[in-house]
Amino acid sequence: MRDRSTEPSNDRTMPPHAPTIRPVAPSDVFSLAKVYEETARAAYQGIIPHDNLEAMIARRTPGWWRRTLGKGSQTLVLEVDGRIAGYVTFGPSRYGEGEAGSAAPSGEIYEIQVLPTHQGLGFGARLFEAARSALAEEGHEDVMAWAIADNEQAVAFFAHMGGQVFAETRILYRTKTLRRVAFAFRPGVERPVRRA
Ligand SMILES: CC(C)(COP(=O)(O)OP(=O)(O)OC[C@H]1O[C@@H](n2cnc3c(N)ncnc32)[C@H](O)[C@@H]1OP(=O)(O)O)[C@@H](O)C(=O)NCCC(=O)NCCS
């Protein structure tokens, strides 16, 4: 009888695939809607007023993603064990001039999201660096990203990735006004040393 013990197998004993970052595929739209819903709710609950947050989430249907993908932005997804656990969207900066007349970076990371269950494991940094490389290849060496100032996790993350605040603005909701800060990431401004 043939010995199958050394042959590759498709059964559940196969080790999980290594996490990968790849360009988005049309069939990812359901996962993207799910990742946004879970991540945004966890990140913004208690920061963005409830009704506004729920409206933001309700808008991001698979159909919204289908209509939006590729229209002026690029998307990379993080796949862990065959499932989408995060994504980053990016493209040309949508911002004009920075504070005090300093030119705004020409590239922008529009949104970066990692499922709460997968945060703190280095995936955000990998997505961020992948987007930054893709932007650099298109000539966008300087990159920017917005964060709501009360979103401490995002602010800490962007600062940790070497970002420096160069502009700020306000978002008006019916019951609340939130401050939004813009980080610039420029070559030569190194990421701080990794924590022990
Ligand atoms: C912000 C976000 C993308 C970071 O992703 P992550 O996978 O948790 O981050 P990583 O594990 O890759 O961390 C990268 C670095 O940032 C640091 N960092 C991340 N979160 C931090 C926090 N809350 N406080 C301090 N440092 C933090 C990490 O220590 C790490 O540094 P190290 O490599 O030296 O250890 C993720 O938390 C997220 O999706 N948040 C909700 C959505 C959001 O707010 N997105 C940003 C605005 S669009």
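Helices (H or I, at least four residues) and strands (E, at least two) are taken here as DSSP runs, numbered from the N terminus. The structure is a predicted model, in which local features need pLDDT of at least 70 and side-chain atom pairs count only at pLDDT 80 or more, whereas totals for chains, interfaces and linings use all residues. Residues are numbered from 1 along each chain as its sequence is written.

On these terms the protein chain has five helices and seven strands, and along the sequence they follow the pattern β-α-α-α-β-β-β-α-β-α-β-β. Two residues are in contact if their C-beta atoms, placed from the backbone, lie within 7 Å; among contacts in the protein chain between residues at least 6 apart in sequence, 61% join residues at least 24 apart.

The seven strands form an open sheet with mixed pairing, in the order β1-β2-β3-β4-β5-β7-β6, two strands being paired if DSSP finds at least two bridges between them. The edge strands, each of which pairs on one side only, are β1 (20-23) and β6 (164-172), and the twist averages 25° from one strand to the next. Within the sheet, strand β3 (residues 83-92) and strand β4 (residues 107-114) run antiparallel and are joined by seven bridges, with Gly 91 standing opposite Glu 108 in β4. Helix α1 (residues 29-44) lies across β3 and β4 and runs at about 90° to β3, where axes are lines fitted to C-alpha atoms, for helices over the stretch in contact, and angles run from 0 to 180 degrees between N-to-C directions.

A residue is buried if 20 or more other C-beta atoms lie within 10 Å of its own, exposed if 12 or fewer, and partly exposed in between, with C-beta atoms placed from the backbone. By this criterion β6 is hardly covered, the count of buried residues among its nine residues being zero, and of the 196 residues of the protein chain 26% count as buried.

In soluble globular proteins, nonpolar side chains tend to be buried together. The largest nonpolar core has 34 residues, and those with the most contacts inside it are Val 88, Ile 109, Ala 131 and Phe 183; such a core is a set of buried Ala, Val, Leu, Ile, Met, Phe, Trp, Tyr and Cys residues joined through C-beta atoms within 7 Å. Leaving aside neighbours within four places in sequence, the contacts of Val 88 include Leu 76, Ile 109, Ile 112 and Ala 131.

The ligand is surrounded by 22 residues, of which the closest are Gln 119, Gly 124, Ala 125, Ala 154 and Ala 156, a residue being near a molecule if its C-beta atom, placed from the backbone, lies within 6 Å of it. The elements that give two or more residues to this shell are α1, β4, α4 (123-137) and α5 (152-160), and the largest share, five residues, comes from α5.

Pro 19 is placed in the segment before β1 and counts as partly exposed because it has 16 C-beta neighbours inside 10 Å. Not counting residues up to four places away in sequence, Pro 19 touches Leu 78, Glu 79, Val 80 and Phe 123.
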